[in-house]
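Q: Hi, I've got a structure open and would like to walk through it with you. Could you take a look?

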Amino acid sequence: MLTRCLELNPNYAPGYFWLGVLDIADGHPQSTLTLLQRAFRLSPRDGLAAVWQYQTAQAQIVLGDDEAAIRAARAGIAINPKFPNNYLALAAALAHQGHAVDAGAALDRYYVMSPNRTIDEMLWATQRCHVD
């Protein structure tokens, strides 16, 4: 359905974002990055750019590029500091690099912003990104 949507309107940036979400869920993080780059080119000031940065950070984590994941998460935080998931991605990437104190601070910020998230939801999110 999204592919057809983009055939009809190849300038619909959210369509590329959602295809990227599906690709990372299917285990294709490199394709996700390509699709998200296209979305950003089409709509650089999109109202959901912070969410797009979170998906970029997730894909970079899966690919093992923690530096790029940190940049994406921080860019998302700069765009919308009230969107909590970028703090989660930042914590994961920082932890992978051995920056436990900074990772803990990012995770604490996430918990403050998402007090009702359960441990099961957290485990699902981290397993999805292949984070230990």
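Q: Let's begin with Ala78: is it buried or exposed?
A: Ala78 is exposed, at a relative accessible area of 64%. Keep in mind that this is a predicted model.

Q: Which helix does Ala78 lie in?
A: Ala78 belongs to helix α5, which covers residues 66–79.

Q: And how far apart are the C-alpha atoms of Ala78 and Gly15?
A: They are separated by 24 Å. Along the chain, Ala78 and Gly15 are 63 residues apart.

Q: Okay, switching to Leu8. Where is that one?
A: Leu8 sits in helix α1. With 60% relative accessibility, Leu8 counts as exposed.

Q: What separates the C-alpha atoms of Leu8 and Gln30?
A: A distance of 24 Å, with the two residues 22 apart along the chain.

Q: How many salt bridges does a search of the whole structure find?
A: The search turns up 1 salt bridge. Glu7 forms it with Arg4, and their closest N and O atoms are 3.3 Å apart.

Q: How are Glu7 and Arg4 placed in helix α1?
A: They are 3 residues apart in α1 (residues 2–8), so about one helical turn separates them.

Q: Now the helix packing. How do the axes of α2 and α3 cross?
A: The two axes come within 8 Å and cross at roughly 165°. Helices α2 and α3 are therefore roughly antiparallel to each other, and α2 passes α3 in a left-handed crossing.

Q: Which residues make that contact?
A: From α2 you have Ala13, Tyr16, Phe17, Leu19, Gly20, Asp23 and Ile24. On the α3 side, the contact is made by Ser31, Thr32, Leu35, Leu36, Arg38, Ala39 and Leu42.

Q: How do the residues of the contact of α2 with α3 divide by type?
A: There are 9 nonpolar, 3 polar and 2 charged residues in the contact of α2 with α3.

Q: Next pair, α3 and α4. What angle do their axes cross at?
A: Roughly 155°, with the axes coming within 9 Å. Here α3 covers residues 29–42. That angle makes α3 roughly antiparallel to α4, since an angle over 145 degrees counts as roughly antiparallel. The crossing of α3 and α4 is left-handed.

Q: Who makes the contact there?
A: On α3, Pro29, Gln30, Thr32, Leu33, Leu36, Ala39 and Phe40 take part. Their partners on α4 are Ala49, Trp52, Gln53, Gln55, Thr56, Ala59, Gln60, Val62 and Leu63.

Q: And the residue types in the contact of α3 with α4?
A: That contact divides into 10 nonpolar, 6 polar and no charged residues.

Q: That leaves α2 with α4. How do their axes meet?
A: The axes of α2 (residues 13–25) and α4 (residues 49–63) come within 11 Å and cross at roughly 30°. That makes α2 roughly parallel to α4, as angles under 35 degrees count as roughly parallel. Helix α2 passes α4 in a left-handed crossing.

Q: Which residues of α2 and α4 meet?
A: Ala13, Pro14, Phe17, Val21 and Ile24 in α2 meet a set in α4 made up of Val51, Trp52, Gln55, Gln58, Ala59 and Val62.

Q: Last topic: Asn85. Where is it, and is it buried or exposed?
A: Asn85 is in helix α6, which covers residues 85–96. At 17% relative accessibility, Asn85 counts as buried, because the cut-off for buried is under 20%.

Q: Which residues does Asn85 touch?
A: Leaving aside residues up to four places away in sequence, Asn85 touches Tyr54, Tyr110 and Arg117.

Note on methods
Residues numbered from 1 in each chain as written. Predicted model: local features only at pLDDT ≥ 70, side-chain atom pairs only at ≥ 80, totals over all residues. Heavy atoms only, no water. Axes fitted to C-alpha atoms, helices over the stretch in contact; angles between N-to-C directions. Helix = DSSP H or I, 4+ residues; strand = E, 2+ residues; numbered from the N terminus. Parallel < 35°, antiparallel > 145°, perpendicular 65-115°, else oblique. Left-handed = near helix turned anticlockwise from the far one by under 90°. Contact = heavy atoms within 4.5 Å. Salt bridge = Lys/Arg side-chain N within 4 Å of Asp/Glu carboxyl O. Nonpolar A, V, L, I, M, F, W, Y, C, P; charged D, E, K, R; others polar. Buried < 20%, exposed > 50% of the residue type's maximum accessible area, 1.4 Å probe, protein only.
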